[in-house]
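This report covers a helix contact, a pocket and a sheet.

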Amino acid sequence: SRSSSVGRQALVVALVPVVATWVGAALAARAMFLSAHDLTAFVTIALTAAVVGVGASCELSRRVRSDARRLGQLSRDIAKGVVPESAPAAAVGELAVVGDQLTEMSRRLDEAHRRELALERSRRELVAWVSHDLRSPLAAVRAMAEALEDGVVDEPADVRRYLRAIGVEVDRLTLLVDDLFELSRITSGVLALRTEPVGLGELVADAVDAASSASGGRTVRLASDVDGAERVRVSPAEASRVLRNLLDNAVRHTPEGGTVLTTVSIDGSEAVIAVIDECGGIPADDLGRVFDVAFRGDVARRRDSAGGGLGLTIAKGLVEAQDGCIDVSNRPGGCCFTVRLPLATGEGR
């Protein structure tokens, strides 16, 4: 074979010093440096040392071979996709460390594989859902344009109604394209935001006013409770988009006559912005997925739902890009989206 076994190498290591000692003693005896009595005593000691050394080498090689077999089985299990709960017991410390490292490597590979599968699933869902959202307005625009071109619709009032409808569908397409562009910036890692101190009350008030104007005539009340004049260090445009996305989502899922409340509080060095709606709550199984790409839960795909279900995903990416965090939880009658942003401490107000 190209390499020797552990047992052979251990036996060689044990015998080499013994043989060397024997050879030295024999040469010393021939040179009359040792008496016959001394030589006999030396032979007895050397034989005892040889037996003990060979026995110790055999035991060591047995332990190493046993540990090596366990590690070999562990590596074969990992190659088959089995994720071990713990490394096999090993008598040799260094081999025990190798087993622990193999087990940890297997766990990390499994986690990476699961993340890759989840990412691939999200990509497939995004492509499918965005394709649906692109086809629907495009088909509507094409049908209305053909009706106008063929003269099927020629009354001035009907023409204006068709043109307004075409404009609405084009706006939906524009929103979807904008969301896709923003998502590509976030996921590609090229998003670099320039932050500056911004008044927290002004930021929230502007977002609430904008959401009220864009509510589409729905009788959902938007209220805010902002106390103090604290400032946060954010990118104004991106922070406003985060709040707009959260408010638009809250208005969309709150029934007519309901209320969407935005509150602000301070927690240490962070500002806490909470958007509370009356959507009835989110199923427990969906709470961990609301920020996934294109996730819409069990809500039917509706014509009034602009974009491709990317609003919350974009909000999460933009918040994290500004050293903040975002979370969601259920509350009686609805849910609460919480955004934490760093305060502009030590800077002028």
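The sections below take these topics in turn for a predicted model.

## Contact of α4 with α7

Helix α4 spans residues 156–188 and helix α7 spans residues 311–321; their axes come within 10 Å and cross at roughly 40°. The crossing in which α4 passes α7 is left-handed.

On the α4 side the contact is made by Asp179, Glu182, Leu183 and Ile186, which meet Thr313, Ile314, Gly317 and Leu318 of α7. By class, the residues of this contact are four nonpolar, two polar and two charged.

## The second largest pocket

The volume of the second largest pocket is about 470 Å³. Its lining has 16 residues, of which Leu119, Leu183, Thr187, Val293 and Thr313 are the closest to the centre. Two or more lining residues come from each of α3 (93–149), α4 and α7. The largest share belongs to α4, with five residues.

The lining divides into seven nonpolar, five polar and four charged residues. Leu183 and Thr313 are among the residues closest to the pocket centre, and they also belong to the contact of α4 with α7.

## The open sheet

Five strands form an open sheet in the order β2-β4-β5-β7-β6, and the pairing is mixed. The edges are taken by β2 (221–225) and β6 (325–331); each has a single partner strand, so one side of each lacks a neighbour in the sheet. On average, and ignoring direction, neighbouring strands are turned by 20° against each other.

## Strand pairs in the sheet

Which residue of β5 stands opposite Thr262? The residue is Val275. The strands in question are β4, residues 259–267, and β5, residues 270–276, and they pair in the antiparallel sense over seven bridges. In a regular strand, side chains alternate between the two faces of the sheet.

The edge strand β6 pairs with β7, residues 334–342, in the antiparallel sense over seven bridges. Here Asn330 stands opposite Cys335 in β7. The hairpin of β6 and β7 has two residues between the strands, and Gly333 in this hairpin takes a positive phi near 85°.

Key: Residues numbered from 1 in each chain as written. Predicted model: local features only at pLDDT ≥ 70, side-chain atom pairs only at ≥ 80, totals over all residues. Heavy atoms only, no water. Axes fitted to C-alpha atoms, helices over the stretch in contact; angles between N-to-C directions. Helix = DSSP H or I, 4+ residues; strand = E, 2+ residues; numbered from the N terminus. Left-handed = near helix turned anticlockwise from the far one by under 90°. Contact = heavy atoms within 4.5 Å. Nonpolar A, V, L, I, M, F, W, Y, C, P; charged D, E, K, R; others polar. 1 Å grid on protein atoms, 1.4 Å probe; cavity = no way out; pocket = protein on both sides within 12 Å on 5 of 7 lines; lining within 4 Å. Points joined across faces, edges and corners; volume = space filled by probe spheres on them. Pairing = 2+ DSSP bridges.
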